[in-house]
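Here is a friendly tour of a few local features. Please keep the sequence and the 3D view at hand as you read.

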Amino acid sequence: MISAVSLSRFRELLQRRLGWTFADNDVGQTAEVLAARARAHGLSDREYLDRLAGRRWAAEVAELAGALSITETYFFRHAEQFRVLRERVLPELIETRSGQRVLRLLSVGCSSGEEAYSLAVAAIQARPGPDWIVTVTGVDANREMLRRARAAVYQSWSLRDTPDDVRRRWFRPVEDGFRVTDEVAAAVRFVEHNVAADDPQLWHPARYDVIFCRNLLMYLTADVAAELIRRMTRALTDGGFLFLGHTDSLGSRPDGLEVCHADGTVYYQRRVVAPPRDPVPAPPPRRVPSEPPAPAIVRDDPRRVLGLMRDDRFAEALDVAGDADSLIRGVLLAQVGRVSEARDTANRLLHAGGPQADAHHLLGVCHELDCADLAVGQYRLAAYLDPQFAMPRLRMGLLARRRGDDRGAADHLCAALELLIGEKDERIVLFGGGFGRIALTTLCRTELDACGVRR
């Protein structure tokens, strides 16, 4: 029999380790879990609680998360939210991300993965072409649920709210049920994470375009829930979107977010923050100083610009890049959607300095939005001028896939896959659309698989 003192201490430790809160009607289940976990380690309830309190015990915390978490979910749950995602949110993001061609989504409390895969299907269906990169990250503290998520096989009950055409296109019948297609599975990764703890990599500022965190906040203590909301808000890009469960509300004026209403559902959008402007210099003092003051912002600093680009802070990077024509400035203009200015910058660079592989590649990026044939011509020039340049081969492969030319696509993608190993870090930052070497390599392999070429 678990004493009231032991049960109270156990609940306090769960709040501290997992950030969970418990209602009075949870007492029976909580007591059963405490007794079972103590027996599993051959300890009394007091000895077990002393060990749980005394030091970091990550494996046991994961077991507790699995034993106590609620895991009921299914594909496209709460259809009205996915309708808003498809019809309003993704079209807006695609328009604003046309320079980057990247969509990043996050599922917090993903359980067995249905929500994360649903987000991937919605984003892949909405993207204008296969050259757009879609990534979805699912996070949960329950290891068993994450194991099921990575297996990507589900019973028909999990697809009970999935339209027939979506089921036929994105799922394959297997002996144990239905398996998510390779294209969708390749876009999703799962991470074990306890929301009561911080993870600077996971919650990197301005990392995600869309975050789903549904029916989780109500199980967290007030402090943990408030900190999670702050992390999610910071992790959204300017103009990014947050979806919560119907039982969750941030009030009418949440910090850093705007409340949106559509089709009977409430969601939130990250307020667009204008890049900082140069401060107006103060009038000079009457006495001439011995040394002139340093400017508040140093412009034309390539190292700082590239650092901001690595963090996907393109608007800030453009502000630091200054006004003079440069390759970096041209790339940034394309990234923020000012494509005609980017094209003009590339042409001026070519006029002033003659053929340059990087400038021709930039022109190819610009032309993809209006004429694929012109884009291919520029990419061919870039590859001819620098045979070790991986990025134009990758872009030509993606464009060939878009035209249905799988054989031509495979040739270019195989070349890109080999060249990416030695591609310059700076070029990956400039032309990788916010993705690093590993992500671009994964993209090549995924597209090669779609062409029928496996590596």
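## Helix 12 and its neighbours

Which helices do the buried residues of helix 12 pack against? The partners are helix 11 (302-310) and helix 13 (327-335). Keep in mind that this is a predicted model.

Helix 12 spans residues 314-321, and its buried residues are Phe314, Ala317, Leu318, Val320 and Ala321. Because they cover an arc of only 165° around the axis, these residues lie on the same side of helix 12. Just after helix 12 comes Gly322, with a positive phi of about 80°.

Next, have a look at Gly364, which sits in helix 15 (residues 357-367). Gly364 is buried, and its relative accessible area is 0%.

Leaving aside residues up to four places away in sequence, Gly364 touches Ala375, Gln378 and Tyr379. For Ala375, 11 residues apart from Gly364 along the chain, the separation between the two C-alpha atoms is 4.0 Å.

## Helix 18 against helix 20

Helix 18 (residues 406-420) packs with helix 20 (residues 437-450) at an angle of about 155°, and their axes are 9 Å apart. Since angles over 145 degrees count as roughly antiparallel, helix 18 is roughly antiparallel to helix 20. The crossing of the two is left-handed.

On the helix 18 side, the contact is made by Asp406, Ala410, Leu413, Cys414, Ala416, Leu417 and Leu420. Helix 20 contributes Arg437, Leu440, Thr441, Cys444, Arg445, Glu447, Leu448 and Ala450. Sorted by class, this contact has 10 nonpolar, 1 polar and 4 charged residues.

Key:
Residues numbered from 1 in each chain as written. Predicted model: local features only at pLDDT ≥ 70, side-chain atom pairs only at ≥ 80, totals over all residues. Heavy atoms only, no water. Axes fitted to C-alpha atoms, helices over the stretch in contact; angles between N-to-C directions. Helix = DSSP H or I, 4+ residues; strand = E, 2+ residues; numbered from the N terminus. Parallel < 35°, antiparallel > 145°, perpendicular 65-115°, else oblique. Left-handed = near helix turned anticlockwise from the far one by under 90°. Contact = heavy atoms within 4.5 Å. Nonpolar A, V, L, I, M, F, W, Y, C, P; charged D, E, K, R; others polar. Buried < 20%, exposed > 50% of the residue type's maximum accessible area, 1.4 Å probe, protein only. Arc of directions from axis to C-beta.
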